[in-house]
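Here is a quick briefing to read with the model open beside you. Take a look at it, then work through the points topic by topic.

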Amino acid sequence: MVFRLLKLESNKTSVIYSKIKLMKYLSVLFAGILFYSCTQQQAQITAGVSEELAQQRKAVLSEINYDLSFNIPAQKAEKINGKAVVRFNLKEPRQNLAFDFKGDTTKPYQVISNGKSAEISIKNGHLVIDKSNLKVGQNEIQFQFVSPDWSLNRNPDFLYTLFVPDRASTAFPCFDQPNLKAKFKLQIQIPASWKAVANGSVEKEQTSDSIKTLDFRLTQPLPTYLFAFSAGKFDTISRTQNGKTCVLYHREKDEELKNNTDSIFSLVFRSLSWIEQYTKISYPFEKYDLVAIPSFQYNGMEHPGATLYRASSLFLDSHPTQQQFLKRANLIAHETAHMWFGDLVTMSWFDEVWLKEVFANFIADKVVSPMFPNFNFDLQFLLAHYDAAYSVDRTSGANAIGQKLANMKDAGSLYGSIIYHKAPIVMRMLEQKTGEAALQKGLQQYLSQNAYGNAGWKELISILNKPKSEGLPQWSDAWVNEAGRPHLIAIKKGNDLIVEQKDPRNKNRIWSQELNLAFAENGKVHQQKISMNAEKIRIANVFTGANPEWIYLNAQGKVYGFVALDSITSNYFLNHFSTLSDDLLRASVLTDLSENLYEGKLPPEKYLNMAINQLSVENNAVIYESLLSSIERVYLYKTTSLQQQKLCSKLETTLWSEYAVRNNHQTALINCLMKVCKTEASMKKFLEYLGNNATHPDLKLSTDQQNTLAFQLALGMPERAIRILDEHEKCITNPDKKAGFQFVRKSLNPAKNERDKFFQSLLLEENREHEPWVEQALAYLNHPSRQSEALSYIRPALDKLQEIQKTGDIFFPQSWLTSLLKGHNSAEAAAIVKQFLADHPDYPENLKQKILQSADHLLRL
Ligand SMILES: [Zn+2]
């Protein structure tokens, strides 16, 4: 009965609770009947953690403590046995209690409840303890179990847990929801030659025979998704600063470490002290250690005390670009910011996962920007976020920042560019609205009020809305709860300016924001701020009577939306791009020209000609690298092979001559050249570098770059592919990288039937263990130059999507789709996607959105 009642809206809950109270008294009289009906309700425990189950458990459980032990054998094939003692306070044992556990449920479970062997039932991934084994107040339940390998990421000589968002329950029985925070005590047994790291520090270590037993200290309250440990053959380096010691666990060798470790530690300590000052809260957990994992699924994951990083994101190549430096600094600051935003204060439910991401990004930008004094922060922000947010928001599958989530099992589908890139833009708008100091104070209050607990966006808005600031809740609604972006059009009417805001979904939505008008008359630029808060506004006497050379609404690069350029303006920008002397204006125009291209208002050749010409004169490093990535993207994915034939010689000649003179951008240039290279001359040159590049005087490539080069050459020269790949494989010394190469090279086999076979193998779960490898391989299988031979992959790969979501990590469905579809631009490919959508009218909404996002370029054909 409580399950049902809790389904009602929250404003009715007080009524419900008084009804529950009344029923408590009645239950003395009608105990039998009531318990009967409760049992009936509980039979409906469904797969995953539904919102109802989460709310029901939240209402009765508190003071949760997990005492966990895992026995980890050296051999990957041997099972991991575990034991969990879960202690908690129970308000009322009127219901059976469901623990979440997705382990092997075919064998009987030994469960001891409050000292007595207990009866349990196993339902849809839950171990349900009968209420007769529970009591009011303190309870203790003991489980013995086998942990399936699902989220333990077991490799031959190391493993790491990754439980976000609801995967802790794949490893041990627990309450796998973010608002039931608990303290964790961990003991693990590992081979004596291994090291291990967890949220807490090691309290006790014993070695007997070949087994090492480690006891870790009790943690602060954590949600299950942040509980973590890693173990295996790791080396460690540690540094101490201001009384804080940080240990880095890694598998890299000296060559990779030498240019990186100092900067990694310095970034960590700098981030910690900056955030302590900003929040006025000392680092809230016992210790801060880092673990560098080869081919880690994400760039980083913020487990307190054991933050995981993708090794290649921490250890940069020998000649990193400015962008790579900046990205790493941003990543470390982002993960560190999570210690406060997400870890100390956590969202109550995963529908607000965006909030921890936006806070982390927002803080990271603040931490990092003073470290790069030569960088224009606004420019950096513009190029880092807008394009990425638009890549989703321009599509018919766009999602809002705030999304609904009925069950934790679907939480992975909430992640994406909107959370990571649109949300920071909205956060910056909020800061503009409230003022920097007021927002900082509001965040301090928000963190201290909810420390070690849970809170969301509403709580923040209500703190900031005191005293009531004008329209804050409405503003928040349009930007947070609505999907898509406004189309903004400037029209000159006589000397007046009309600005229109159109809703691409024709729902008359209004996104209020500030526009930065700029226009040029007789070579003189005029600027003006415009508050855009209606569908259409008219501003009198903006112009003086001359014909403007261009009119532009986004001169500061802060406007969010599709800024439609009239043909006079876009032609002016294309022909005079280099004369736009203000960096921010130039970057903003570059972004909006590219959006006009994606919206079909600008031919790709014109855009590419402008961008290629600009390379030799561009002086801003960030814009330069942005030009390169934009050239690569548009050239590979937006042009026909005929257009490529016309442009390839000009493009490659320009890139090689830039390579000869631009010392600071050699890595970015060579990366771009490898991807776009088509002419025989370039191929031959590259071939020379590949064989003996280690000693080649003018080109030093990292292992990753060499691998990419080998792949690209195999693609461009199918007749020599096998030899190129064989020879290169012999040169790879790092075993993790060699394994990745051996996997991906199968996608470059010149024989179509071999590629077909390899594609079929990717449809089997056991072959998708290393997701970054799978993404790379799937993209090569569907490379634009092989798209006609890859049409047959589209339907089966789409048919697998639901399984991919179930078995893969949270970003995998999206990257699976992107790798599959980005190389296709034919009508046949579009027809296959449309047919798939037509065949599945009831397809899960979140996955359908992801298809619409990844297939946007096809669906626009
Ligand atoms: Zn994050």
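Histidine 334 and histidine 338 are four residues apart in helix H8, so about one helical turn separates them. Helices here are DSSP runs of H or I with at least four residues, strands are runs of E with at least two, and both are numbered from the N terminus. Keep in mind that this is a predicted model: local features need pLDDT of at least 70, side-chain atom pairs count only at pLDDT 80 or more, and totals for chains, interfaces and linings use all residues. Residues are numbered from 1 along each chain as its sequence is written, and side-chain values use heavy atoms, with hydrogens and water left out.

- Buried means under 20% relative accessible area, exposed means over 50%, and partly exposed is in between (1.4 Å probe, protein chains only).

- Five strands make an open sheet with mixed pairing, in the order E16-E17-E18-E20-E19; two strands pair if DSSP finds at least two bridges between them.
- At the edges sit E16 (235–241) and E19 (300–301), each pairing on one side only.
- Helix H8 (residues 322–338) packs on this sheet and touches E19 and E20 (307–310), where contact means heavy atoms within 4.5 Å.
- Strands E17 (residues 244–250) and E18 (residues 290–293) run parallel and are joined by two bridges.
- Tyrosine 249 stands opposite valine 291 in E18.

- Most residues other than glycine have a negative phi, and most peptide bonds are trans.
- Valine 164 and proline 165 are joined by a cis peptide bond, with omega about -5°; proline 165 is in the loop between E10 (158–160) and H4 (168–171).
- Aspartate 209 is not a glycine, yet has a positive phi of about 55°. Its loop runs between E13 (202–208) and E14 (211–216), and aspartate 209 is exposed at 78% relative accessibility.
- Asparagine 522, also not a glycine, has a positive phi of about 45°. Asparagine 522 lies between E25 (513–521) and E26 (524–532) and is exposed at 67% relative accessibility.

Note on methods:
Axes fitted to C-alpha atoms, helices over the stretch in contact; angles between N-to-C directions.
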